[in-house]
Amino acid sequence: VIQSATVSKETKRAVILVRASNDEKETARRVRALRKVARERGWKVVEVYEEPAQGAPEARTAGLDRVAKLVESGKVTKVIVDEISRIGRRNAAVLKFLNFLDQHKASLYWHAQEIETRLANGKLSQKASAVYALLEEMSRTEQKDLGERTRIGLASARAQGRVGGRPKGLSPEAQKKASKAAALYRKGSHT
């Protein structure tokens, strides 16, 4: 669900990103709270994007994709979220999006923690610096842990006589098809 408005270039332009709840009243309450924060800080909300609470992965990332397009086009310079989990479930994804905002001189306002990534002068806030450092470390740990879990899982599978990865060679059905294709090719009837 997208709601849009027109705004002048002088005002800080913002987009609100919320995950829709099964309870419409709860979603509306969160949007009202974020609009109030924007009003109090002098930010003009040009769009509210409500991501579906459930659905296919494409549906869950459509809001973030829309926000990225608004930032890239310069239509907004501020992204307002209630929880940072609206940005991504993995720390690496959150960090990547924060770096994307930084590259485009845009800012994130994380309402639950009252963290603004950029100050009025455009510099990174102290709270944001701490969040970036924490996310970087958590991201490294997350990646290391994932690799370790994969190695342990493969070793366990080998110990049980299973082999990980794709099967080598062709399946019997694929071998028959390949033989027929090779025979037709040699005959010159199909190239």
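The structure is a predicted model, in which local features need pLDDT of at least 70 and side-chain atom pairs count only at pLDDT 80 or more, while totals for chains, interfaces and linings use all residues. Residues are numbered from 1 along each chain as its sequence is written, and side-chain values use heavy atoms, with hydrogens and water left out. Mean pLDDT (the predictor's confidence in each residue, from 0 to 100) is 80 for the chain, with 86% of residues at 70 or more.

The chain holds 5 helices and 6 strands, taken as DSSP runs numbered from the N terminus (helices: H or I, at least four residues; strands: E, at least two). Along the sequence they run β-β-α-β-α-β-α-β-β-α-α. As for burial (under 20% relative accessible area, 1.4 Å probe, protein chains only), 31% of the 191 residues qualify.

Now for the inside. A nonpolar core is a set of buried Ala, Val, Leu, Ile, Met, Phe, Trp, Tyr and Cys residues joined through side-chain atoms within 4.5 Å. The largest one has 28 residues, and Val71, Val79, Ile87, Leu101 and Leu108 have the most contacts inside it. Helix H3 (91-103) is among the elements giving two or more residues to this core, and H3 supplies its largest share, 6 residues. Apart from that core lies another, of 12 residues, including Ile16 and Trp43. Beyond its neighbours within four places in sequence, valine 79 is in contact (heavy atoms within 4.5 Å) with Val15, Val67, Val71, Leu101, Ser107, Leu108 and Tyr109.

Definitions and conventions: Buried means under 20% relative accessible area, exposed over 50%, partly exposed in between (1.4 Å probe, protein chains only).
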